[in-house]
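Here's a quick tour for anyone opening this one up for the first time. Take a look at the sequence and the model, and then we'll walk through the parts together.

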Amino acid sequence: GGEGKVMESAGMAREIFEVNVIGVMNVVEPAMQLMAARRRGQIAVMSSIASFIGGYPLIGSYAGSKSALRDYCDGFRPVLALRGVRINHVCPGFVDTDIIQNPHGGALKSKSSLPFIMKPADAAKIIRQGLDENKATIAFPAPIYLAAMAATVLPPEARNALASLLTWLAGKPEYLIKNAK
């Protein structure tokens, strides 16, 4: 993107919400009904660590849609619990899979430039343990989750300044990759 260009169009934002939120609801709601009728079951909804970050540059709609999933799960959790059904939202950070791509499209030159990237087996172990313990939120890696939670207590001016810095850096992916270490 260049000066004055909007990174996400309204159509793109709508499409992201339709897939990430409405698509999940289309699968989860019938499952909720069936599990509630038999009075047992567990639903794990994949969200993202981005759901805690809010207005992070270039992924506003993605982060917003994943945040909506967290709220969706939190809203149903107590109601489903009364019917013997567990619902958990899983909020992973970067996991070393083929799906990881840079925000401008195409494969990353180096996955090592991603903060706290995890091996799939390690992520699966965290998810399994969180589901076994019926944690409402299964978020990892811990440093990113804790930093995101800490940012929520910043005054709006400080959050906006941080978002401006991140937006500036996001517009310079070569700077981020070069200076990641």
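## Starting at the sheet

Let's begin with H89, which stands opposite T137 in β3. That spot belongs to the pairing of β2 with β3, which run in the parallel sense over four bridges. Two strands are said to pair if DSSP finds at least two bridges between them. Helices (H or I, at least four residues) and strands (E, at least two) are DSSP runs, numbered from the N terminus.

Zoom out a bit and you'll see an open sheet of three strands, ordered β1-β2-β3, with parallel pairing. At the edges sit β1 and β3 (137-140), each pairing on one side only. On average, neighbouring strands here are turned by 20° against each other, direction ignored. Helix α1 packs on the sheet, where it touches β1 and β2, and its direction makes about 165° with that of β1. Axes are lines fitted to C-alpha atoms, for helices over the stretch in contact, and angles run from 0 to 180 degrees between N-to-C directions.

## What kind of model this is

This is a predicted model: local features need pLDDT of at least 70, side-chain atom pairs count only at pLDDT 80 or more, and totals for chains, interfaces and linings use all residues. Residues are numbered from 1 along each chain as its sequence is written, and side-chain values use heavy atoms, with hydrogens and water left out.

## The overall layout

The protein chain has six helices and three strands, and along the sequence they follow the pattern α-β-α-β-α-β-α-α-α. Of its 181 residues, 29% count as buried (under 20% relative accessible area; exposed is over 50% and partly exposed is in between, with a 1.4 Å probe and protein chains only). Contact means heavy atoms within 4.5 Å. Among contacts between residues at least 6 apart in sequence, 64% join residues at least 24 apart.

## The cores

The largest nonpolar core has 12 residues, including V24, M32, I43, L69, Y72 and I87. Such a core is a set of buried Ala, Val, Leu, Ile, Met, Phe, Trp, Tyr and Cys residues joined through side-chain atoms within 4.5 Å. At least two of its residues come from each of α1 (10-38), β1 (41-46), α2 (60-81) and β2 (85-92). A second, separate core has eight residues, among them V95, A123, I127 and I138.

Setting aside residues up to four places away in sequence, V24 touches V19, V45 and L69. Over in helix α2 you'll find S65, buried with a relative accessible area of 0%. Apart from neighbours within four places in sequence, S65 is in contact with I16, F17, N20 and V21.

## Rings in pairs

Rings of Phe, Tyr and Trp (its six-membered ring) pair if their centres lie within 6.5 Å; planes under 30 degrees apart count as stacked, over 60 as edge-to-face and the rest as tilted. That gives two aromatic pairs. F52 and Y145 have ring centres 5.0 Å apart and planes at 70°, so they are edge-to-face. Because F52 lies in the loop between β1 and α2 and Y145 in helix α4 (residues 142-151), the pair ties together parts 93 residues apart in sequence. F52 is buried at 10% relative accessibility, while Y145 is partly exposed at 24%.

The other pair, Y72 and F76, is also edge-to-face, with centres 5.1 Å apart and planes at 70°. Those two are four residues apart in helix α2, so about one helical turn separates them.
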